[in-house]
Amino acid sequence: MAITYEYIKTCKQSGARLGRVHTPHGTIETPAFMPVGTQATVKTMSPEELKEMDAHIILSNTYHLFLRPGHEIVKGAGGLHQFMNWDRPILTDSGGFQVFSLSEMRKISEEGVEFRSHLNGDKLFISPEKSIEIQNALGADIIMAFDECPPYPAEHSYAKQSLERTTRWAERLPEGACPAGRAGALCHRTRRHV
């Protein structure tokens, strides 16, 4: 099943849209509240409690899962859905924000970002392609293209440079980088329209 968006209506006063995102693991009513399960768990809440509060989707963090337990371990456990006992949709962020928040421990280049782990100081590297590889291994329903997150406040020239680099990174993603049936449609649309 490919991911699809069903438009319902637009609010005449605010322009806000009401819709549904259909994924292989369920439908997300939009706009939506998205609890954050940084390391494959929403702190202090069980999957059953999240369902009781009618959470349609949760967000997990690519950067933190890359560092520990590691995307290959999560993949070997059947992906995030099995790993965290969650049968509804999951969105993974690209890891960009966390990498860029390590301003003292990272070096940005056209290839990607070299950084030191905040856990043990290991030198690591994430490229746009690596971010997608990690997210595919995690098995999220919706995955995000790697982005450079400029600090706030930022000079206009730096923000423009960051946007242009993020665009070039998205354009580098090869056809098939985001498997159809998960985030394929959204990822390819992003790559084509940035």
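I count two strands as paired if DSSP finds at least two bridges between them. With that settled, I opened this predicted model and started on the strands.

I looked up β8 (residues 113-116) and β9 (residues 123-126) and found four bridges joining them, with the strands running antiparallel. Which residue of β9 is the bridge partner of E114? I traced it to F125.

**Open sheet.** Next I followed the order β4-β5-β6-β10, an open sheet of four strands with parallel pairing. I marked β4 (36-37) and β10 (142-143) as its edge strands, since each pairs on one side only. From β4 I went across to β5 (residues 58-60) and found two bridges, again parallel. G37 has S60 as its bridge partner in β5.

A reminder to myself: most residues other than glycine have a negative phi, and most peptide bonds are trans. So I went looking for exceptions.

- I found a cis peptide bond from T30 to P31, with omega near 0°; P31 sits in the loop between β3 (26-30) and β4.
- I found another cis bond from Y152 to P153, omega near -5°, and placed P153 in the loop between β10 and α7 (156-172).
- T44 is not a glycine, yet I read a positive phi of about 70°. It belongs to the loop between β4 and α1 (47-52). Is T44 buried or exposed? I have it as exposed, because its relative accessible area is 80%, and the cut-off is over 50%.
- D54, also not a glycine, has a positive phi of about 65° and lies in the loop between α1 and β5.

Methods: Residues numbered from 1 in each chain as written. Predicted model: local features only at pLDDT ≥ 70, side-chain atom pairs only at ≥ 80, totals over all residues. Heavy atoms only, no water. Buried < 20%, exposed > 50% of the residue type's maximum accessible area, 1.4 Å probe, protein only.
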